[in-house]
Every structure is written in C-alpha cells, then in structure tokens.
Amino acid sequence: MSARAWALLLVLCGTIFLEGIDVAMLAVAIPSIRADLDLSTGTAAWVMSAYILGYAGFTLLGGRAADLLGRRRMFLIWLTVFMVFSSLGGFATEGWMLIVARFITGVSAAFMTPAAMSIITTSYEEGPQRNRALLVFAGTAAGGFSLGMVIGGLLTQLGWRWVFFAPVLLAGALLIAALRLLPRTGAAAEVPEKTAGGFDLPGAAAAAGAMLLLAAGVVRLEHGGSGWPLTVGAFAAGLLFVYVFVAVERRSAAPLVRLAIFRRATMVRADLGALLFVGSFFGFQFMATLYLQELRGWSSLETSLALALMGLDVVLAPTLTPRLVNRFGNTRVVLGGFVAAIAAYGMFLPVGADWSFWLMAPTLALTGVAFALAYGPLSIAATDGVASHEQGLASGLLYTSSQFGSAIGISAVTAVYGLASTTGTGAAGELGAFRAALVVPVVMVLLGLMVTATGLRPRKPRAPHSPDVLDSTRPPTALIPSGD
C-alpha cells in the first residue's frame, strides 16, 4: 500500500484503539473511582454498564447512518462527541454524571467505529489489500484493550481522572489527522445515490429501542435470580420492539435495514461466530482479572502487566494472519483461532490457588494468538461481497454482535460465579466458583466452532500485487471500485 493508504489506515485504527483503551482503562480504575466518589455497588456497576448499553443499543443504527448520511461526516461528528463526553467524565463529581457521560460515550462509539470500518471496506480494494487492512484494524482493537489495562493501571496511580483525560488527547490528535486524510468524495465519504432516499425514523427508533432493551436484559443476567421480573420484562419488551422493527422495515419504501441481507449465510454465521468468540474472550478476561485481584491479592498494575501478554495479537494480526488467510482461506484460519481458544481456556480450568505467572503464561499467550487468528478473518467474512452502499450496515451488524457477545460473556460468567459461590465456603469454595465460571468461555468457543465450521466458505486468494486504492500517483479521492 502507498504511504497515504497506510496513513489513513493508521487514523482509522487509532479510532478502534481509542475505543479499546477507553473500556479497559475504566475497568481498571473503577475501584478507585468508587472509593473516591463514595459510589454504591449498584452505581459503580451502572458506570460500566452504561457504556455497553449505549454501544450495543445504537451500533446497528450507527452502521446504517454511515451508509445513509455519509461515512466521513459520521466519523468526524461522533469522534468529536466521544472526545467531549470523555472529558466531561473526567470532571464528574457524582455517580449520575459518570453514568450519563459513559452512556453518551458508548453511543458515540456505536456511530464512530462502524463508520471507520466501512471506510476501510470501501477505500481498499476487495482481496488481499482489504483483508490486510481489516486484520490490522481487528488486531488493533484487541491490542488497545490489552494495552489499555496496563496504561489504565499506570494512570490510576496518578489519579483516576486521567483515565478520562488521556483518551481526549488521543481523540484530538486523531480528529486533526482525520480532517486532512479522510477523502471528501468517493464511496468512503458520500451518500450513495441508491440509498439516498430519506431516513427511516420509525425503523431507527424501533431498532434503538430493541437493542437497548435486549442489551439491558443481557446485562441483568449477572444478577441471576435476583430481580428476575425486570430481566424477563426487558427481554420481552426488546423482542416486542424487534417485531415492530421487522414490521416497519417490510412496509418502508426506504428501510433502515434491508431484511434480505440476512439471507447472506456467510455474514450471519460470521456475526454469530464473532458474538461467541468475543463473549468468550471478555468472559475469560473478566474472570482472570477477578482471580488475580480478589483471590491472589495482586494489585491492579500487576494484573494489568500479566494480562498484557494477551495483547500478542497486535503483533500477529498484521503480520502472520494475512499470510495464513492468503494461503489457507478465512474458514481454516478462523477454525484455528477457535481451536486455540478452546485449548487456552481449557488449560486454565484446573487453576490453583497458588499458580505462578509462568503456569498462567501459556494460556494468556495462546489467548492472544487465538484472537489474532479468529477475529480479523471473521471481520473479513462478515463484510466480504457486501455491496458498497451496505458496508456500514454490515459493519454495524458485526459490532452489534460483538458488543452483545461481550455483554453476554461477562454476564454469564458473573451469574455462574455467583451461583457457584453459594455452594461452597472459604478459599476452596471461592476457587471452585472461579473454575465453574471458567467453563462458560469454553462452552462459548465450542459453540462458535460448530457455527463457523460449516458456514464460512473459503475464498480463493487474489493476486498478491493488486494496485493500491489510495495510490500516491493518483488523487486521494479517486477510489478504485470494489467490484460491487
């Protein structure tokens, strides 16, 4: 790729890195925030959940808005909103202020990240070039989360408010670079003529309501049987909104979501695979953090440094994974990632109360390898062959699946851990609860292996010397058609 193509990719990857470190740093800092602001357990939990609700609730809408309202416009507007509300979170003095700031930050990420991914899929030619860009993008996402835990541990030592201010500095730098590098014309910026026929407001409202309510129900799963009527009510209302959404889209002259897109079996299986894989990853990471901090008594910084080994994917995704995809195809590489994840989580199941870091290191490293092998190729499969004017929608569906996966993974391990804790006492009972909860990630990747094993058709590799989409010898806005 040309220097300009790499520069654009760097800015777009910076966005997903920003989203990753933002989530990870807050996860590390939440105990300090709770102590400093004297937050209740419920309020502290909502500070974390508000972001998930905003992100999962609006990602589908955000992806389609990029297609209908302009990818460049959506990217720049919502990157600015992300920056503003992250800074407001740093000035918060009450729990409700943090909850509002985190919710709006999640909403902004829901519009910003699908726009960034759809800019990639419409700016880089389908084949090896786009595959490499998507693999770098996916690797940066997980790397941001892993490195964010380390950065969060360091910043928390200076003061938890820096966890909110640091993303503002990065977002500001990205915004300045994006204003110069993002093309003002072409598929990456403009509204395609065939989709520019109005915005489906009833469909948008129904979609947002459905996603918000379903996400709230998933988050409430961690409470187990406590307050089950609210959990059931959230799911029931969410499903009702899904029904309304489908009815609206069938009758709309310009639907927010063309329902026929769900006939793409490869895309649907890739999205389900991403849901299960990301859910297992976050569920495992959450339980590993609890194990190290609560059972072993490690500090947040020690825990962050240990789990940073999971960030191997940031090196492997842009270097090893593209070669494997070109040689073996998406399906085999994805299956290799799921098998690696099964092995990694399985090795951690018999974890003891006094395991050394070196006993845990193989699992942590293999988890990073698994993410590098699985998530990037799943991103390729989820957008491969989709028409240019629906790339935002495909990206939104992928990120909606991923966000629901993370919420399901964390809620499921929390619920199992809580139930298992009631059957034992003392250190042995607590260790048994950890082991029981760690079964959840294993089950999720086993299901993911079955879903993806038969549904992701392998694609033949293209010629290795395809021309750069953003070649420095032609104007930056002259994009080569992606074959749609």
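Which residues are linked with Arg64 in a network of salt bridges? In this predicted model, local features need pLDDT of at least 70 and side-chain atom pairs count only at pLDDT 80 or more, whereas totals for chains, interfaces and linings use all residues. Residues are numbered from 1 along each chain as its sequence is written, and side-chain values use heavy atoms, with hydrogens and water left out.

The network joins Arg64, Asp67 and Arg71. A salt bridge is taken as a side-chain nitrogen of Lys or Arg within 4 Å of a carboxyl oxygen of Asp or Glu, and the count by this rule is 4. Arg64 pairs with Asp67 at 3.0 Å, N to O; these two residues lie 3 residues apart, about one turn, in helix α2 (residues 41-69), helices being DSSP runs of H or I of at least four residues, numbered from the N terminus. Asp67 also forms a salt bridge with Arg71, the closest N and O atoms being 2.8 Å apart.

Accessibility was classed as buried (under 20% relative accessible area), exposed (over 50%) or partly exposed (in between), with a 1.4 Å probe and protein chains only. Arg64 counts as buried because its relative accessibility is 5%. Asp67 is buried at 0%, and Arg71 is buried at 0%.

A further salt bridge connects Glu390 and Arg258 (2.8 Å, N to O). This pair links distant parts of the chain, 132 residues apart: Glu390 is in the loop between α13 (357-383) and α14, and Arg258 is in the loop between α8 and α9. Glu390 is buried at 4% relative accessibility, whereas Arg258, at 38%, is partly exposed.
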